[in-house]
Amino acid sequence: MSTTKTRDLARPAAAKATPARPRRALRGSPTFNFWLFTGPFLIGLAIFVYAPILWSLWLSFFEARFTVTPDKFVGFENYTYMLTNDDFVGSLGTFTAFAAFIVPTTWALSLSLALLVNRLRFMRAFFRSVFFLPTACSYVAASLIWKMSIFSGVRFGMMNTVLGWFGVENIAWLADPSPPWYWFVIVTARLWLQSGFYMILFLAALQNIPGELYEAAAIDGAKPGWQTFRYITLPQLRATSTAVILLLLIAAYQAFDEFYNLLSKTTWGRPPLVELYYKALGESQDYGSGSAGAVILTVLICAVTLLQGKFMGFGRGEESK
Amino acid sequence: MSNSNWSRRSLFRAAAGMAAAGTLAACGGNNGRGGGSGSGVNLTQYFHAYGEAGTEQAIKKYAKAYDKAAVTTQWITSADFESKLFATLLTKNAPDLFEFHPQIQLIKSGQVADLTDIVTPVKDDFNPADIKSHTVDGKIYGVRMIDDPQFFFYRKSMLEKAKVEVPTTLDELAEAAAKLTTGKVKGLYMGNDLHNVIDTMIWSAGADHLTEKNEIAYHTPGVIEGLKKMRKLFTSGDLLLGAPTESWDPSSLNQGLCAIQFCGMWAMPGIQAALGDDWGVFPFPKTIDSGKQSVYNGGWSMFVNAKGENVEAAKEYVKWLWIDQKKYQEEWATDFGFHIPPRTSLAQTATKLKSGNAAEGVRLFNEFGHFDNIGWTQAMRTSLEDVFANSVRKDMDPEAALDKADTAVNRELKKLFG
């Protein structure tokens, strides 16, 4: 469509504009544009993420009590202390049990919600918003509502009121570890807070499944419902499922807010971050041991994530389709 | 086209302007350090959020009345106070002065300034136990603002109705709790985590936290027996558990959720307003036969950040408010919650503490009181909290729980005292 004449006309104009108008330069230099737009982010990342990680690594080899600029090198002493500290090691076990439950439960609930909302013929946006809204709530606020209103241990707590109608005695949901009702409180809080977000991811993935697949399956005699879900929907969601499980696992490792706020200063139900906070950082100000624990945890998260990605084929979603 | 360009450029300029304005604003007043005073010195002080109405306003009123520096107050949610304080003390944003409890770790790490020179002239007017609990190697590191005895509060009418005498032993307390428990009221509330009764239980078992030589003194047969009794009480069903507020707040007693509650003297005006004269106080009962009733004399002290930029100005302010301004000190101790002024001259003349349950609280303070040991640090406290969590709230063998605490406490002692 272009002619030589038009190209000839265009070239001098561009040449004039380049040195005179930076706006044109921005368009003309991809490298400059790359650094312009990613530079601030990378600087922030370096200052607020990588520098603290490196600092933490450095601190983990020093006796850093009540200071973050220590001078007494202790080698691997902090690592030995943390790895032989049964509270810290126990917190890893607590977390494993928590993750083993919360990850599949949240996955199943999010997927179920997405399937339900996707099937709706009316008020879909309303229900999508209703399920998504808890994501906007802070973990601290939700924890306080759960602790002081719904699962308060006194007779006017919501759950105890309901149980009272059936003649059940008040339950101290969070104050008494036997039986461990606190897990019920923690898990329901996390499900409420997280499911909506992952529902949106599944909803997007569901809407990307070509309708022709279902039509072809129907022609081939596949029954709607479980059979279609099992052999078409679920495989098509594999990439999203893998990503969701990965995100859920990382989120479980990073669990802090609801545990900290719901189980104030207990010795049970402590995930690693809460354990590190109490035992090493927080009030004890033992930044050396705390950093060693953080490094151990980071290595563990990386290892588990890589293994999980390899096991579930993360990044091979397109091939699996 | 040109309009569009002009518009984009304008937007860019506006955004840049706003960013610059934001930067300037950040450098200005909203940095928690106030707007400056005639002298140009700005001081920041940290306070934990007291529950009694009017306390925050009072502290800010005192700060405003000081004319040699601009004093800004940060009123910090109680649960976050310690962690925020400790973390901030490591930074350049650390407060110039802050309230806390005397703990040797603050001194060993050079975080608090020596206040001997401002306290010495009035040293004899302070409660000697308060001076002792703030002294290391002959130097005084904090000024006590208030003493807070902690004991049990009870509903007289409920005990009379259940024909229960005021308990003097831990066994009697457990029996009383059982008799006082009805369908809607639990006999006893000691907090959801029981942390506030740890110290008193140890003293009531005839033990202590540390010896004079800073060695473990809490690991005794009496304490083990006490832990077993506390476990029995915890599982009896007669304890209020899962209350909306912790034991420092008298709401559980005031709202009729329990008949007896562990709390502090600060709660007296609130309890009086809610229950009239239908209440009394008693100390933590004897844990074992050879033990003795006890009261924890808690409280808060003012410290100066030794690494701050305005150490001398902060010391001047501490002297002005917590040593010279007796009127403010009495108001702070008795106009909101009730506290005992650490200054003997004030404690003797504070009219609100002369009668009724307040006077009884002062008597318990004098007769059964135990003060903070400056060598007993926050990390050591946490170790004993874990003992209670493991052996009283869970079913761990008390001996094993104490052994575990010994390891942690000895690690602390070794690092602090060699």
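I took a salt bridge to be a side-chain nitrogen of Lys or Arg within 4 Å of a carboxyl oxygen of Asp or Glu. With that criterion, I found 26 salt bridges over all chains in a search of the whole structure.

**Basis.** I worked from a predicted model, in which local features need pLDDT of at least 70 and side-chain atom pairs count only at pLDDT 80 or more, while totals for chains, interfaces and linings use all residues. Residues are numbered from 1 along each chain as its sequence is written, chains are lettered from A and ligands numbered from 1 in the order in which they are written, and side-chain values use heavy atoms, with hydrogens and water left out.

**Entry: chains.** I looked up secondary structure as DSSP runs, numbered from the N terminus (helices H or I, at least four residues; strands E, at least two). Chain A has 16 helices and zero strands, whereas chain B has 18 helices and 11 strands. For burial I used relative accessible area (buried under 20%, exposed over 50%, partly exposed in between; 1.4 Å probe, protein chains only). Of the 321 residues in chain A, 40% are buried; for the 418 residues of chain B the figure is 56%. By the Shrake-Rupley method with a 1.4 Å probe, where for residues only the protein chains shown count as cover, chain A exposes about 18,100 Å², with 70% supplied by carbon and sulfur atoms. Chain B exposes about 17,500 Å², and carbon and sulfur atoms supply 52% of it.

Entry: B:Glu412 pairs with A:Arg65, the closest N and O atoms being 3.0 Å apart. This pair crosses between chains, from helix α18 (residues 398-417) of chain B to the loop between α3 and α4 (77-84) of chain A. B:Glu412 counts as buried because its relative accessibility is 7%, and A:Arg65 is buried at 9%. Within chain A, the side chains of A:Glu63 and A:Lys72 meet at 3.6 Å, N to O. A:Glu63, at 24% relative accessibility, is partly exposed, as is A:Lys72 at 48%. I also recorded a network of salt bridges that links B:Asp130, B:Arg144, B:Asp147, B:Asp199, B:Asp372 and B:Arg381.

**Entry: cores.** I defined a nonpolar core as a set of buried Ala, Val, Leu, Ile, Met, Phe, Trp, Tyr and Cys residues joined through side-chain atoms within 4.5 Å. In the largest, of 104 residues, B:Ile260, B:Tyr317, B:Trp322 and B:Trp332 touch the most other members. Helix α13 (residues 311-324) of chain B gives the largest share of this core, nine residues. Apart from this core I found another of 57 residues, among them A:Val103, A:Ile150, A:Val187 and A:Tyr278. Counting contacts as heavy atoms within 4.5 Å, and leaving out residues up to four places away in sequence, I listed the partners of B:Trp332, including B:Phe47, B:Trp75, B:Met145 and B:His339.

**Entry: A:Phe184.** A:Phe184 lies in helix α9 (residues 182-207) of chain A. A:Phe184 is partly exposed, because its relative accessibility is 39%. Beyond residues up to four places away in sequence, A:Phe184 touches A:Phe151, A:Met159 and A:Trp173.
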